[in-house]
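Colleague: Could you take me through the metal sites and the enclosed spaces of this model, with the cut-offs behind each term?

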Number of protein chains: 2
Amino acid sequence: MAEFDPTSHPHRRLNPLTNEYILVSPHRAKRPWLGQTEVLQPTNLPEYDPACYLCPGNTRSGGQANETFDHTFTFENDFAAVLPPPAPIAPIAPHPLLETEPVHGGCDVLIFHPRHDLTLSRLSLADIERIIEEWITIYHKRSSQEGIKYVQIFENKGAMMGCSNPHPHGQVWSLSAIPTLPATEFANLEKYAQSTVAPSNAPKGPQGRPCMLCEYAHVETRFAEDQGRVVFKNEHWVAVVPWWATWPFEILLLPYKRHISAISDLTAVEKTAFAEVLSQITIRYDNLFSCLFAYSMGIHQRPTASSDELAHLHLHFSPPLLRSATVRKFLVGFELMAEAQRDLTAEQAAARLRALDSKHFLS
Amino acid sequence: MAEFDPTSHPHRRLNPLTNEYILVSPHRAKRPWLGQTEVLQPTNLPEYDPACYLCPGNTRSGGQANETFDHTFTFENDFAAVLPPPAPIAPIAPHPLLETEPVHGGCDVLIFHPRHDLTLSRLSLADIERIIEEWITIYHKRSSQEGIKYVQIFENKGAMMGCSNPHPHGQVWSLSAIPTLPATEFANLEKYAQSTVAPSNAPKGPQGRPCMLCEYAHVETRFAEDQGRVVFKNEHWVAVVPWWATWPFEILLLPYKRHISAISDLTAVEKTAFAEVLSQITIRYDNLFSCLFAYSMGIHQRPTASSDELAHLHLHFSPPLLRSATVRKFLVGFELMAEAQRDLTAEQAAARLRALDSKHFLS
Ligand SMILES: [Zn+2]
Ligand SMILES: [Zn+2]
C-alpha cells in the first residue's frame, strides 16, 4: 500500500473549533476550470466619490449626513438587522419545533478611512492602529448596553462578496444572544479546557487550563519557516492557513505568546504588532492575484468585554478567490449538502502567501 | 410592549437538524439593493451542443466518449474528489490537532436526459421517474461497495452556483466516512428519537420512537392551505420552506405519510408522487423570476441502503436568488462569521412560491 502523501491522497481534516470536517482532494488541483468567472474590480477609484454614502460629508440613504472626518467614523446602520430594546416577548409556539426567540441589539458601520479609494491593505500602520482603537471603543460601548450578550466585529469586502461599496469599512453587530458559530466555538473551547491533553510549553488559558488555540498557535509556530502553514509571524501574532481551512486562502490570525481573550486586553505593543500583521495579510492577499482581494473577516473573542476569559482572541479571513483575480471557489453542491471540500492543501496555500512580496503591488 | 409580529420583529429560529440558529430580520426586507447583480442565463440553448461533454456521443475531457442514450446515462467523474480503495494508511500525526483521516470512495455523474437544453423543471414526469430509478440503482451499487459508509446524491445547477454546464445532470459522491452535515443530522435525529416529546398523530420512526422529521412534516401539513410554509403537497410528499430556512426560497421536501428512510424503500406510487413534487418545485422555482433558477439540491437519507432506519428521507433545495433573476443572496460577513441571517420570512417565501403557476413559463 502506498505511503500517505498529503499532496496527492484524498483525506479529511477536523476543524476543532466547529467539530466539522473538511474533505481535501489534493490530487484534483489541476482539473480544468469550466465555471463562471468574476468581474475584475477597478483599482483606479477616485479619492472622493460624491455618490458614495460612506465618503465624508455625504448624505446616506437614511437621510443623515456623514461628518467630515480625518481617520475613522462610526454610525448606526440605517438598515440594521437587529433593533434596539425592548424586543417584544416571544409568542406562544404552536409546536416545540416552531419556537421564536425575539432578539434585540444594534448594528454599527465603521468607516476605516476618509479616502474612498483605499483599502485596509493600503493604509498606514498608524491608520490601522486607529481602526483597532475604534474596534475597542465600540466593543466596550456595545458590551455595556443592557441585554447585549455578544459583539461581532467583521468586514465584508468586494463585490464578489455582495459588498455594495468599495469605500473601506467594517461593521459591528451586537446582539442579545450569542450567535451559532461563536457559541459552537465556545462549546468546543470549553470541552478542550476540560479535557486531558498532553503537557506542552504552550501558554495556558484561565485557571491554568489548556486552551485549544494557545496550543494550536504554539504548534504552528514551531514548524521550520519554509514549512507548515504560517504565512506571517511577528513578536505577538501569527497568521496561518489553518490545518482545517475551507476557503482556498483562508487565514486564521491569533496572538500566540499569551492567552488573550479580547481586543480590549491588548497591550500597546500587542496592538502595534496587530496592525502590522493585519497590514501584512491584506497586502499579501492583494499581491496574490494583483487585485483588490475580496474576503469576509471576523473577530472572535470573548462575547462581551466583561464576560469570562475562556475565549482566545482570533480573526478569520474567508476569501473566495481560488485561481486568479476572476476565478473563485463556490461552496455549493456536495459542500452545501454534505461537507466542505478543497483541492489545494492548506500547506500549498500558505507557501504561496508566504512567498509574496510584503510591499503592496500598487505602491 | 408591542405584541410580537413575525413579519416585523427581529428574531431567531432554530434548525433542529443542525442545531444552528437563523437570525430573521423581517423589518429589513425593503432596504435598497446595492450589491452585485448576476448574469441572466440563456433559455435558448440548442438541443445538442457539440462542445458539451455531457451530450450523447461527445468526448469528455478525460478522453472517453459518452454513449448515445435515450434517458439517463451515468459515468464515473473524470476528476473525482475521492479515489477508489485502498486509501493509504494515516500518517503519524505530529500533534493531536493535526490528525489526517484518509478517505476513499467514488464520484458518479448522472446525466438526467440527452437533451442539452432541458432542465429537471422541463422534463416529463416519466423522465423524472427514470432519474429516480437511476438514483436508486446508484445508491444500491455504491452502498454495497467495500468500505462505503455514505452515498450523497446531489444536483448543482446554474452558473451562479459555479456549475460549468447547463446540460441537466446531477452527481453522486460515495465515501468511506459519513460527511459532517449528514452526521450532524443523524446525531440530532437520534437525540430526538431518545427524547420525551408530547404525543402526536404523526407517524413514528423505528421501534415506535419519535422521528423529528415525521413530526415536523405532520405539523406543517396541518396549517390552513393559505397559511404556513407548505409550497406543494400531494398524497405522499410535502414541500415546505422550512421554519429555519437560510436561503430565501429554500425548500425541504419529504414524505409525510409514513417514516421512509431511503429512496430504495419507496413504493411505486410514492415514486410517482416523488416525480410530481420534484417537477412542481422546479417549475415554480423557474416561474418565480421567469428564469432557469439556480440551486443546489441534496438527498439526505440513511447512509447506505443497508444501514439502520433512523434517518428520514428528505431533500434540501438551496437556491441563491433573492429578489429577481439577477439579484442573489450572499452568505457572507456576519453570516460567515456568526450566524445565518435572512430578511424575507419563510412564510412570505412559501406564500410566493405557492401562488405561482404549476405550468412552466417556457411551456
Ligand atoms: Zn488561549
Ligand atoms: Zn420519520
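Modeller: The conventions come first, and the questions follow. This is a predicted model in which local features need pLDDT of at least 70 and side-chain atom pairs count only at pLDDT 80 or more, while totals for chains, interfaces and linings use all residues. Residues are numbered from 1 along each chain as its sequence is written, chains are lettered from A and ligands numbered from 1 in the order in which they are written, and side-chain values use heavy atoms, with hydrogens and water left out.

Colleague: Is A:His312 buried or exposed?

Modeller: A:His259 and A:His312 link distant parts of the chain, 53 residues apart. Buried means under 20% relative accessible area, exposed over 50%, and partly exposed in between (1.4 Å probe, protein chains only). A:His259 has 14% and is buried; A:His312, at 1% relative accessibility, likewise counts as buried.

Colleague: What spacing do the donor residues of the zinc ion (ligand 2) have in sequence?

Modeller: This ion is coordinated by B:Cys211 (SG), B:Cys214 (SG), B:His259 (ND1) and B:His312 (ND1), at 2.0 to 2.4 Å. The angles among these four donor atoms are 102 to 113°, and the site is tetrahedral. In sequence, the spacing of the donor residues is C-x2-C-x44-H-x52-H.

Colleague: How many charged residues are in the lining of the second largest cavity?

Modeller: On a 1 Å grid over the protein atoms alone, a cavity is a set of points where a 1.4 Å probe fits but cannot get out, and lining residues have an atom within 4 Å of a point. The second largest cavity has a volume of about 60 Å³, a volume being the space filled by probe spheres set on the points, which are joined across faces, edges and corners. Its lining includes the zinc donors B:Cys211 and B:His259. With Asp, Glu, Lys and Arg counted as charged, the number of charged residues in this lining is one.

Key: Donors are N, O and S atoms within 2.8 Å of the metal (3.2 Å for Na, K and Ca); water is not among the atoms, so sites may look incomplete. Four donors count as tetrahedral if all angles lie between 85 and 135 degrees; four count as square planar and six as octahedral if opposite donors are over 155 degrees apart and all others between 65 and 115; anything else is irregular. Helices (H or I, at least four residues) and strands (E, at least two) are DSSP runs, numbered from the N terminus. On a 1 Å grid over the protein atoms alone, a cavity is a set of points where a 1.4 Å probe fits but cannot get out, and a pocket is an open set with protein on both sides within 12 Å along at least five of seven lines; lining residues have an atom within 4 Å of a point.
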